[in-house]
Amino acid sequence: MRMHTLLIIFTAVMLSCSNTPEKNAQGESNAGVLPLAMMQDENLQKAYFASGCFWCVEAVFESVKGVEEAVSGYAGGEEPNPTYREVSAGRTGHAEAVMVLYDPGVIDFATLVTVYYGSHNPTTVNGQHPDYGTQYRSVIFFTNEEEKAIAQQAKADLGASGSYDQPIATEILPLQKFWPAEDYHQNFERRNPNQPYVRSVSIPRLNRFKARFPELLKEQRSSAE
Ligand code: MHO
């Protein structure tokens with residue numbers, strides 16, 4: 001390899017490592033894909049949910065008014081720097097999860113919990129059809145006592161509502177750490193609308209949610225815009 005090629009690679013690596021508060025699953029910078037300015041924006045709050053394949057969960061939250069961004073990642077396990085391959089094998093204790101960046105002036109945590117419960121089946125233990133394993137379990141990760149109380153109340157109300165024959169399996173856990181997933185998992189549904197799983201599982205799940213909660217959705221742009 002020629003010297004100047006090495007220099008270019010070295011410079012690119014150094015640039016991508018600077019000023020990055022969050023690292024992805026490999027400990028690499030996510031600067032190219034993750035919305036760092038948004039992640040540092042003090043006007044936005046963060047909430048963390050797991051309810052099956054994160055491609056689907058990210059797309060659901062991103063359709064909601066007041067949600068500026070949702071980031072796919074891993075949470076709930078002990079293993080540092082988890083990779084998709086490790087999490088998929090069910091060995092890390094992590095669940096596929098999303099970090100939701102939202103504007104508390106537009107939407108509150110309780111409504112995000114409504115979105116969460118309204119967009120999956122919370123009675124499935126360790127799975128979300130058609131994906132099964134602990135990595136697909138249903139979890140609300142709280143970061144303070146208020147979120148914990150809201151999550152517990154919503155779970156109790158849903159259980160008492162008679163909507164489901166089975167008990168609500170959702171775990172309500174303190175967030176230890178959220179690990180952003182590999183870049184190619186971010187905005188996966190939007191970027192891969194023809195991928196077979198996206199077509200047959202993710203998009204129908206998003207559409208079911210949209211049909212159920214039209215009042216929570218972002219304004220649709222007309223095609224003329
Ligand atoms: N069964 C799906 C799950 C994708 S999701 C990101 C697949 O393996 O493509 O876990």
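Strands β2 (67-75) and β3 (95-102) are joined by 8 bridges and run antiparallel. Strands here are DSSP E runs of at least two residues, helices are H or I runs of at least four, and both are numbered from the N terminus; two strands count as paired if DSSP finds at least two bridges between them. This is a predicted model, in which local features need pLDDT of at least 70, side-chain atom pairs count only at pLDDT 80 or more, and totals for chains, interfaces and linings use all residues. Residues are numbered from 1 along each chain as its sequence is written, and side-chain values use heavy atoms, with hydrogens and water left out.

| Strands | Bridges | Facing residues |
|---|---|---|
| β2 and β3 | 8 bridges | S72 and V98 |
| β1 and β3 | 5 bridges | Q45 and Y102 |
| β2 and β8 | 2 bridges | Y74 and W179 |

These strands belong to an open, mixed sheet of 6, ordered β7-β6-β1-β3-β2-β8. Its edges are β7 (171-174) and β8 (179-180), each pairing on one side only. Because 8 of the 9 residues of β2 are buried, this strand is largely enclosed by the rest of the structure; buried means under 20% relative accessible area with a 1.4 Å probe, protein chains only.

Now to the helices. Helix α3 (residues 54-62) packs against α8 (residues 196-212) at about 35°, with axes 9 Å apart. Axes are lines fitted to C-alpha atoms, for helices over the stretch in contact, and angles run from 0 to 180 degrees between N-to-C directions. In α3, W55 is among the residues that meet α8, whose side of the contact includes F209; contact means heavy atoms within 4.5 Å.

Technical notes
Buried < 20%, exposed > 50% of the residue type's maximum accessible area, 1.4 Å probe, protein only.
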